[in-house]
Amino acid sequence: MFRKTTLAVSVLLALGAQSAFATNGMVMEGYGPISTGMGGAASALDVGTSGMANNPATLTMMQDGDQKAEVSIGNLRPDVGVKVPTSGGVVSSTSDGDSYLMPAAGYVRKQGKVSYGIGVLSQGGMGTEYAADTPLGAAAGGGARSELGVGAVIFPVAYEVNDKLSVGGTVDYVWGGLDMKMGMPIAAPGANPAAAGTFADFSQGQQILGSASGTLVQGLGSMVDPAAMTSTAAAFDFSNDNDFSGQTNGAGISGKLGATYKVNPKLTVGGSYRAKTNMEDFTGDGSMKLVNLATGATDVSIPGKYTIKDFQFPATTTVGAAYKMTDKTTVAADVSRIGWSDTMKDFNLNFTTADGASADISMKQNWDDQTVVKLGVAHDVDENLTVRGGVNLANNPVPDAYLNPLFPAIVENHVTGGLTYGVGKMSKVSASLVYAPEVEQTNTNTNITATHSQTNLQVMYTFDF
């Protein structure tokens, strides 16, 4: 069993809980294996029905009268770890959350100058899981975890204005689900008033990581023996075993606008704007626990309802170009700007019991906006086989001061590859593989370090008719 001080320090970063896909922040590096095989570039390319999630104007690149149906599955495989400095040395733990499935399907038809359809896509998903015998897991009272899934039903319409210009737009019905199990000490360990990451940082005016208020916050002290204050953690627990729906859920709308312009037979340029989502608050049942840090046992469990307030995906602006170097080889480049500073300033959570006692927690995030450069090349080996490669280059939007090992959205660069193979006159199979090398980041308040690398595999079947 870990020492009390080890457990107290181990949960310092379980406070900044927010959902994270850990690709380009919380946004997938690309949608569909054609795009992801080319580093995520998609603004001026025919990437199939996945264009509705990238630039909907590209859907007009189909031939008049064509119909296309596609189904795909993605497997996001993060490799996440945490290193916790303690009085007895550095304690390293590895997350057991190492595989997340992302299904998708789409249908598009072009009739005259108009293309339209419908799609259901996983916007991404990731999480972490730490066992009960790890520092994070023990402090949460039997295991710590985070998991977010966001999906959308997309209704695209695109119009071919003339032989050079196309425009398009979508209406997106977006839903999300979030699970969390996390703990934090009631009071700072030892007598160090500068120690960060305890409940005192929220409720006693220090506000290093955020703020807390409410009748339940004020009553926490009366539930704990003063002698046991530094060996007790408050743990939030709302979690289920469903891979596709979180314990807290919410839904809303979003949309995209896009355009492409064919400069000449070789060069096409394009751009798109994805609006910030407008999802309702996520809500669901759960409990708040008081955990004995010396034993890992739960002393008190209070049932209630959780509300995640105004959790949204950010607006994204993308511009790009595709250039046909030869009859068989095309190169493409996109640049995206993701507005994290608008949506990830704070993470706001409310817990309310049946008798009306409540706790309002606001956790600082202060993410930076993110610039992503996507570069790719596609080469037709023959009439049946196309191979692709690319890179996806991005800055890390997460500030050092608010890094959270439960949600390490710190991956920066990706190397990508893929192919499409025709298996008949009307059928094709496409696949892509993305690898993000390991990155490491240390929280400047706590000296806790998170590491993260990942792979992303996508396979898609296309039927043209």
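Colleague: How many residues sit between β20 and β21 in their hairpin?

Modeller: Four residues lie between β20 and β21 in that hairpin. Bear in mind that this is a predicted model.

Colleague: Noted. How many bridges hold that pair, β20 and β21?

Modeller: Eight bridges, with the two strands antiparallel. β21 covers residues 427–442, and its Ser432 stands opposite Gly418.

Colleague: Which strand is joined to β20 by another eight bridges, antiparallel again?

Modeller: That's β19, residues 385–394. Across that pairing, Thr386 faces Thr420 of β20.

Colleague: OK, and where do the side chains of β20 point?

Modeller: They alternate along residues 414–422. His414, Thr416, Gly418, Thr420 and Gly422 point to one face and are buried.

Colleague: What does Asn392 touch?

Modeller: Leaving aside residues up to four places away in sequence, Asn392 touches Asn24, Glu29, Gly39, Val372, Val373, Lys374, Glu412, Asn413 and His414.

Colleague: Let's switch to β12 and β13. How many bridges join them?

Modeller: Ten, and the strands run antiparallel. β12 is residues 282–292 and β13 is residues 298–309. Gly286 stands opposite Gly304 of β13 in that pairing.

Colleague: Which residue in the β12 and β13 hairpin takes a positive phi?

Modeller: Gly296, with a phi near 80 degrees. The hairpin has five residues between its strands.

Colleague: Which strand does β13 join through six bridges?

Modeller: β16, residues 346–353, and they run antiparallel. There, Lys309 has Asn348 of β16 as its bridge partner.

Colleague: What does Ser272 touch, not counting residues up to four places away in sequence?

Modeller: Asn54, Asn55, Leu257, Gly258, Thr316, Thr317 and Thr318.

Colleague: Changing topic: how much space lies in the largest pocket?

Modeller: About 1,200 Å³. It is lined by 50 residues, and the closest to its centre are Leu45, Asp46, Met61, Lys324 and Thr330.

Colleague: How many of the lining residues are nonpolar, polar and charged?

Modeller: The lining splits into 16 nonpolar, 16 polar and 18 charged residues.

Colleague: Now the whole chain. How many helices and strands does it have?

Modeller: Six helices and 22 strands. The chain has 465 residues, and 58% of them count as buried.

Colleague: And what share of the contacts is between residues 24 or more positions apart?

Modeller: 70%, taken over contacts in the chain with a separation of 6 or more.

Colleague: Last one: how much of the accessible surface belongs to carbon and sulfur atoms?

Modeller: 55% of it, with the accessible surface of the chain coming to about 17,600 Å².

Terms used: Residues are numbered from 1 along each chain as its sequence is written. Side-chain values use heavy atoms; hydrogens and water are left out. Buried means under 20% relative accessible area, exposed over 50%, partly exposed in between (1.4 Å probe, protein chains only). Two strands pair if DSSP finds at least two bridges between them. Contact means heavy atoms within 4.5 Å. Accessible areas come from the Shrake-Rupley method with a 1.4 Å probe; for residues, only the protein chains shown count as cover. On a 1 Å grid over the protein atoms alone, a cavity is a set of points where a 1.4 Å probe fits but cannot get out, and a pocket is an open set with protein on both sides within 12 Å along at least five of seven lines; lining residues have an atom within 4 Å of a point. Grid points are joined across faces, edges and corners, and a volume is the space filled by probe spheres set on the points. Ala, Val, Leu, Ile, Met, Phe, Trp, Tyr, Cys and Pro count as nonpolar, Asp, Glu, Lys and Arg as charged, and the others, Gly among them, as polar.
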